[in-house]
Amino acid sequence: MKAFYDKFYRIYDDKKISDTVIIFRIIVTVIIILSCLAVMTFAGYAYYEYDLMIKVNTIQSATFEVNVTVADNENNPVEMEKRNGYYIPKSDYLTKDNEYTVTISRTENSSAETGYCRVRLFKGNNESIFYTIQLDADTPTQEVTFTVNPSEDFKFQITPNWGTSSCWAEGNFSDCITNGKIINFPENPTP
């Protein structure tokens with residue numbers, strides 16, 4: 001082993017570097033560089049191949065779905081349709097000659113533990129926004145019924161949302177729509 005080292009690798013202080021030592025050192029350096037490149041190539045391939053073979057779970061947000069039924073004061077149902085994530089009457093406007101009973105109930109398709117609905121009544125510059133009580137999956141409050149008493153024709157929109165409403169979170173229950181609540185629209189009627 002000493003003879004191999006002396007012939008191919010050793011540099012003497014008092015002699016010139018031999019051609020054999022220079023060529024051997026260049027060969028060793030090239031072999032080390034090529035080995036490092038090969039290892040990096042296989043490591044990169046293994047990393048990306050492993051990433052492609054892993055089954056990635058899809059993250060999906062919860063859903064909160066409701067059934068909305070609206071009936072006038074003669075108990076005639078008002079047809080509702082779901083459009084762009086909210087419920088509106090098919091006729092667009094509800095008339096001032098009626099008092100409307102609205103029932104919002106949580107469906108079994110809801111994957112969210114809790115949710116609420118945003119109720120928007122509007123016409124022109126008059127707009128009122130209310131939020132229902134929480135419609136929880138594991139409590140008896142899975143439905144809310146309230147009455148809308150309009151003094152003019154108005155548009156009506158119900159938007160289901162999963163999570164907790166601000167009126168419920170802040171404990172301001174007087175602003176929440178609870179069972180039996182009567183909403184006058186507009187709140188301050190024009191003379």
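1. A residue is called buried when its relative accessible area is under 20%, exposed when that area is over 50%, and partly exposed in between. In this structure, which is a predicted model, Glu 81 has a relative accessibility of 22% and therefore counts as partly exposed. Its salt-bridge partner is Arg 83, with the closest N and O atoms 2.2 Å apart, and Arg 83, at 34% relative accessibility, counts as partly exposed too.

2. How many salt bridges does a search of the whole structure find? The search finds 3, and one of them joins Glu 79 to Lys 90, whose closest N and O atoms are 3.5 Å apart. Glu 79 lies in the loop between β2 and β3 (80-83), while Lys 90 lies in the loop between β4 (86-89) and β5 (93-94), so the pair ties together parts that are 11 residues apart in sequence. With a relative accessible area of 55%, Glu 79 is exposed, whereas Lys 90, with 47%, is partly exposed.

3. Another salt bridge is formed by the side chains of Glu 127 and Arg 120, with a distance of 2.8 Å from N to O. Here Glu 127 counts as partly exposed, because its relative accessibility is 42%.

4. Arg 106, which belongs to strand β6 (residues 100-106), deserves a separate look. This residue is buried and yet has no salt bridge, since a salt bridge needs a side-chain nitrogen within 4 Å of a carboxyl oxygen, and the nearest side chain of opposite charge, that of Asp 136, is 6.1 Å away. What the side chain of Arg 106 does reach is backbone oxygen: that of Ala 112 at 2.3 Å, and that of Leu 135, which lies 2.9 Å from one of its polar atoms. Leaving out residues up to four places away in sequence, Arg 106 also touches others, including Phe 64, Val 66, Thr 114 and Gln 142.

5. Together β1 and β2 form a hairpin with 5 residues between them, and Asn 75 in the turn has a positive phi of about 65°.

6. In soluble globular proteins, nonpolar side chains tend to be buried together. The largest nonpolar core in this model has 29 residues, and those with the most contacts inside it are Ile 104, Val 119, Leu 121, Phe 156 and Ile 158. Several strands, among them β1, β6, β7 (115-123) and β10 (154-162), each supply at least two residues of this core. Apart from its neighbours within four places in sequence, Leu 121 is in contact with residues that include Phe 130, Val 148, Phe 156 and Ile 183.

7. Finally, Gly 124 lies in the loop between β7 and β8, and its relative accessibility of 73% is why it counts as exposed.

Definitions and conventions. Residues numbered from 1 in each chain as written. Predicted model: local features only at pLDDT ≥ 70, side-chain atom pairs only at ≥ 80, totals over all residues. Heavy atoms only, no water. Helix = DSSP H or I, 4+ residues; strand = E, 2+ residues; numbered from the N terminus. Buried < 20%, exposed > 50% of the residue type's maximum accessible area, 1.4 Å probe, protein only. Lys, Arg positive; Asp, Glu negative; His and termini not counted. Polar contact = N/O pair within 3.5 Å; in protein donor to acceptor, adjacent residues only side chain to side chain. Contact = heavy atoms within 4.5 Å. Pairing = 2+ DSSP bridges. Core = buried A, V, L, I, M, F, W, Y, C linked by side-chain atoms within 4.5 Å.
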